[in-house]
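I opened my notebook to look up a few places in this structure.

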Amino acid sequence: MIRPDLSLPIPEHIEAAHFIGIGGSGMSGLARMFLERGIRVSGSDRSDSQALRDLAALGARVHVGHDAANLGDADTVIHTGAIWPENPEYATAKERGMPVIHRSQALYWLIGGRRLVSVAGAHGKTTSTGMIVMALQTLDADPTFVNGGVISQLGISSGTGSDDLFVIEADESDGTFLLYDTSIALVTNVDPDHLDHYGTDDAFHDAFATFANRASEAVVISADDRGARVVTDRLTHRNVITFGESDAANVRVTDILTDGPVSFTVTYDGASVAGRLPIPGAHNAINAAGAVAVLLTLGHGLEPAVRAVERFEGTVRRFELHGVERGVSVFDDYAHHPTEVAAALEAARTVIGDGRIIAIQQPHTYSRTQEMYREFAEVLERYADHTVMLDVYGAREDPVPGVTGELVSGAFADPSHVHFVADWQQAADYTATVARDGDYVITLGCGDVYRIIPQVLDSLARTAPADPGE
């Protein structure tokens, strides 16, 4: 991978930008905003996607596959960390002496000094950012925003508004969230992750404390999460607002009911307002409390804030239904950390009724799998009735000997609860033989595991249902 060099100068003027990896949810959102600014946009990705087709329809020049010729007349190259130094477009741009900047620097350029709400945390960033954006629009604000996933109601992950307010999902994975001049910082949680970058839990906590302390107006941070409490103890900020189920939270969420779409009560400064979301999961009630806390810091009242957050209907790849075949519902979720997997499966459990949960898990990156394979096995065995384990999605990393999906499946206490199969068609066929009417199949992972869903639905259509006595 290419680690971002945030010391590199950012061009003052950009007329033609080329995006390496333009099809990713974050990169495609940035590219869309560059187009909205009247900047010529080109880009490439390793495979075709709807994101590429949508950008082409907006006027971008897109390419499938990487080639130096794709640079065209670009004056600036923007890249993700998930490419290799040998990428021909990256290498050629460097040889030519072109400005080559990380996507976080491109976002910094777009922000341009506006009042910034930055949402950071190991989990819940995309949902919380989407909640804030949809709530602000409901409250007649018009923020510019860049989210890490597509907001379901809007059908986009980014948009240009007329207000001075800018809302972003700030990425902590490589430290780039420290680049931004944040006004209001929301920290959803601080569950140590990305230790391939930070090295230690202590360094990870320090980075979040630095991020929060730099906020010019306010810090909104979880009162429940253990890591967030460690960070809170390191804060020197004058205006810290905590949220969560804790009795000590400034914005407290109680009365959480998860028998379907989640309902809850938010209490602040002696006043209480009941709320209800059209999406399931206790974790989303807590995310809603964090979003409400941000709205309070922006000057909105408690009642209007809760009513506005209620409008949020989710983001793509967060417990998203893709189809029902033979009475089996097939969902997809972006969860790729044990805590996220547990939250996704707990949410599913609240709406599944008498059915079973069959998880199709694709471990993400070799480093995370090697570090957390026991935790993955534990949560999958606890919250899913059966798990189909795929092989590791390496993303930016080279394979590590012995680190495969079988490493996770081998850590299950009861081997009958898991089946490792590397071949996707075999995995889809096996899932279809296990599933029966009323079951939920959920693909889990932030790689390309969602691509197996058509195979699963097809296999379900072709395969006799499982014996209910199994």
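**Entry 1: Val392**

I looked up the neighbours of Val392 and found that Val392 touches Pro363, Thr365, Tyr366, Thr369, Val403, Thr404 and Gly405, leaving aside residues up to four places away in sequence. I note here that this is a predicted model. I placed Val392 in the loop between β19 (386-389) and α13 (405-409). Is Val392 buried or exposed? Its relative accessible area is 11%. The cut-off for buried is under 20%, so Val392 counts as buried. I also checked the distance from Val392 to Glu217. They are 175 residues apart in sequence, and their C-alpha atoms are 41 Å apart in space.

**Entry 2: Asn70**

Next I went to Asn70, in the loop between β3 (61-64) and β4 (76-79). Asn70 is buried, at a relative accessible area of 8%. Which residues does Asn70 touch, not counting those up to four places away in sequence? I wrote down His18, Ser42, Ser44, Arg61, His63, Gly65 and Glu89. I then took Ser42 from that list. Asn70 and Ser42 are 28 residues apart in sequence, and 7.8 Å separates them from C-alpha to C-alpha.

**Entry 3: Tyr108**

Tyr108 sits in helix α4 (residues 103-111). I read a relative accessible area of 33% for Tyr108. Buried needs under 20% and exposed needs over 50%, so Tyr108 is partly exposed. Not counting residues up to four places away in sequence, Tyr108 touches Ile10, Leu179, Tyr180 and Asp181. I looked at Ile10 again.

**Entry 4: α1 and α4**

I stayed with α4 and turned to its crossing with helix α1 (residues 25-36). The two axes come within 11 Å and cross at roughly 35°. This crossing is left-handed. From α1, the contact uses Met27, Leu30, Met33 and Phe34. From α4, it uses Arg103, Ala106, Leu107, Trp109 and Leu110. I sorted the contact residues of α1 and α4 by class: 8 are nonpolar, none is polar and 1 is charged.

**Entry 5: the cores**

Which residues have the most contacts inside the largest nonpolar core? They are Phe19, Phe34 and Ile168, in a core of 46 residues. Ile168 touches Leu107, Ile111, Leu116, Val117, Ser118, Val119, Thr129, Val146 and Tyr180, not counting residues up to four places away in sequence. There is also a second, separate core of 44 residues, and it includes Ile241, Ile256, Ala291 and Phe312.

**Entry 6: α5 and α9**

I looked up helix α5 (residues 125-138) and helix α9 (residues 282-297). Their axes come within 9 Å and cross at roughly 50°. That angle makes α5 oblique to α9. The crossing of α5 and α9 is right-handed. On the α5 side I listed Thr127, Ser128, Met131, Ile132, Ala135 and Leu136. On the α9 side I listed Asn284, Asn287, Ala288, Ala291, Val294 and Leu295. The contact of α5 with α9 has 8 nonpolar, 4 polar and no charged residues.

**Entry 7: α14 and α15**

At what angle do the axes of helix α14 (residues 424-434) and helix α15 (residues 453-462) cross? The angle is roughly 45°, and the axes come within 8 Å. The pair α14 and α15 is therefore oblique. Their crossing is right-handed. In α14, the residues in the contact are Trp424, Gln425, Ala428, Asp429, Thr431 and Ala432. They meet Gln455, Val456, Ser459, Leu460 and Arg462 in α15. I counted this contact of α14 with α15 by class as 5 nonpolar, 4 polar and 2 charged.

**Entry 8: two phi angles**

Most residues other than glycine have a negative phi. I looked for positive values. Asp140 has a phi near 70°. I found Asp140 in the loop between α5 and β7 (144-151). Asp140 is exposed, at 73% relative accessibility. Asp269 has a positive phi too, near 55°. Asp269 lies in the loop between β14 (263-268) and β15 (271-276). At 71% relative accessibility, Asp269 is exposed.

Methods:
Residues are numbered from 1 along each chain as its sequence is written. This is a predicted model: local features need pLDDT of at least 70, side-chain atom pairs count only at pLDDT 80 or more; totals for chains, interfaces and linings use all residues. Side-chain values use heavy atoms; hydrogens and water are left out. A nonpolar core is a set of buried Ala, Val, Leu, Ile, Met, Phe, Trp, Tyr and Cys residues joined through side-chain atoms within 4.5 Å. Buried means under 20% relative accessible area, exposed over 50%, partly exposed in between (1.4 Å probe, protein chains only). Contact means heavy atoms within 4.5 Å. Axes are lines fitted to C-alpha atoms, for helices over the stretch in contact, and angles run from 0 to 180 degrees between N-to-C directions. Helices (H or I, at least four residues) and strands (E, at least two) are DSSP runs, numbered from the N terminus. Angles under 35 degrees count as roughly parallel, over 145 as roughly antiparallel, 65 to 115 as roughly perpendicular and the rest as oblique. A crossing is left-handed if the near helix is turned anticlockwise from the far one by less than a right angle, and right-handed if clockwise. Ala, Val, Leu, Ile, Met, Phe, Trp, Tyr, Cys and Pro count as nonpolar, Asp, Glu, Lys and Arg as charged, and the others, Gly among them, as polar.
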